[in-house]
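These are my notebook entries from an afternoon with one chain.

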Amino acid sequence: MTTNTAAPAVKPYKSKFGWNLLGLLVVVTAGFPVYWMVNTAFKPSKDAIDPDPHFYPTTFTLENFRRALDIADFWGPVGRSLVVSLVVVVIGIAVGMLAALAISRFAFRGRKIVIVGILAVQMVPLVAMIIPVFLLLNDLGQYDRLSGLIITYLTFILPFTVWTLRGFIVNIPKELEEAAQVDGCTRTGAFIRVVFPLLAPGMVATSVYAFIQAWNEYLYALMLMSQQNQTATVWLGNFITKNGTEYAPMMAGSTMMAVPIVILFLLVQRKMAAGLTAGAVKG
């Protein structure tokens, strides 16, 4: 008589508990700096530099927000950042989608070189291109102009959008387009009616990341724009004075700067999740 002995099965809840714990740890690690920024924004200035900090404000105050709005023009830099970021996203997505479509759907000479070139451009440190970009914009009369800053941002956001959208397009079967063409659609009609709706979540996800890159960029905005045309990230430097850094008002300004990003995420969070899921497949 033989007996079969099987290894005890791992209970599903133990596995889920481990992954949930890991996810919670990641959320706490990523979210704590944001919490500390908001926490400091509502603290009195003396508590912000207390050597024995509290994890929650013992005294709430809005004085830091008033100081942030009074120290320099706030709405001007924020408005310029919004204009630059939105224009960069619109142009980047439009051009990037066409380029990604060409790379994904058409076979042409030099296609692999183009793909490798896109990757290579993203590996170049942005600081290494400051002097050439400055000289080029100065020759074109685009120095200290929003249009020049938009052109500069497109040089490193376009490769990102092309590469990301390429991954989404590759995951859409060609057979769907071919079936639409068999039913009488042109290639353009098949793209608009079939591919574009499936690509929309990926475009939303890519747009959000492109917007964040343009919104948070600091180095080129500092080097290429004067104080009269500074963007929101450069505006935060006004809190660094000869008497020291005003940390509490700086955190209040950073909190106000984060509001557009938070609103954008709330508006597109469902499309964002769908786009990230769609882009998780091989590309």
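Which residues does R187 touch, not counting residues up to four places away in sequence? I found F106 and Q181 in contact with R187, where contact means heavy atoms within 4.5 Å.

**Ground rules**

I noted that this is a predicted model, in which local features need pLDDT of at least 70 and side-chain atom pairs count only at pLDDT 80 or more, while totals for chains, interfaces and linings use all residues. Residues are numbered from 1 along each chain as its sequence is written, and side-chain values use heavy atoms, with hydrogens and water left out.

**Entry: R187, continued**

I placed R187 in helix α9. Helices here are DSSP runs (H or I, at least four residues) and strands are DSSP runs too (E, at least two), numbered from the N terminus. R187 has a relative accessible area of 46% and is partly exposed; buried means under 20%, exposed over 50%, and partly exposed in between, with a 1.4 Å probe and protein chains only. I also looked up E177: it sits 10 residues from R187 in sequence, and the two are 7.5 Å apart in space, C-alpha to C-alpha.

**Entry: the whole chain**

I read off 12 helices and 2 strands. From the N terminus on, the order is α-α-α-α-α-α-α-α-α-α-α-β-β-α. Of the 283 residues in the chain, 37% are buried. I then checked contacts with a separation of 6 or more: residues 24 or more positions apart account for 74% of them.

**Entry: α4 on α7**

I looked at helix α4 (residues 75-105) against helix α7 (residues 146-170), and they pack at about 40° with axes 6 Å apart. That angle makes α4 oblique to α7. By class, their contact has 22 nonpolar, 4 polar and 3 charged residues. For the classes, Ala, Val, Leu, Ile, Met, Phe, Trp, Tyr, Cys and Pro count as nonpolar, Asp, Glu, Lys and Arg as charged, and the others, Gly among them, as polar. The crossing of α4 past α7 is right-handed.

My conventions were these. Axes are lines fitted to C-alpha atoms, for helices over the stretch in contact, and angles run from 0 to 180 degrees between N-to-C directions. Angles under 35 degrees count as roughly parallel, over 145 as roughly antiparallel, 65 to 115 as roughly perpendicular and the rest as oblique. A crossing is left-handed if the near helix is turned anticlockwise from the far one by less than a right angle, and right-handed if clockwise.

**Entry: α5 on α7**

Next I took helix α5 (residues 111-123), which packs with α7 at about 130°, with the axes 9 Å apart. α5 and α7 are therefore oblique to each other. In which hand does α5 pass α7, left or right? I recorded a left-handed crossing for α5 and α7. From α5, the residues I115, I118, L119, V121 and Q122 meet T155, P159, F160, V162, W163 and R166 of α7. By class, that contact has 8 nonpolar, 2 polar and 1 charged residues.

**Entry: the core**

The largest nonpolar core has 53 residues, and V88 and Y153 touch the most other members. Such a core is a set of buried Ala, Val, Leu, Ile, Met, Phe, Trp, Tyr and Cys residues joined through side-chain atoms within 4.5 Å. Helix α9 (residues 187-216) gives the largest share of this core, 10 residues. Not counting residues up to four places away in sequence, Y153 touches V84, V88, A214, E217, Y220 and A221.

**Entry: S81**

I found S81 in helix α4, buried at 4% relative accessible area. Beyond four places in sequence, S81 touches W215, T231 and A232.

**Entry: two loops**

In the loop between α6 (130-140) and α7 I looked up Q142, which counts as buried at 15% relative accessibility. D144 is in the loop between α6 and α7, and its phi is near 60°, a positive value in a residue other than glycine. I made a note beside this: most residues other than glycine have a negative phi. D144 counts as partly exposed, at 21% relative accessibility.

My last stop was P57, in the loop between α2 (45-48) and α3 (63-71). P57 is buried, with a relative accessible area of 12%. Leaving aside neighbours within four places in sequence, P57 is in contact with N39, F42 and K43.
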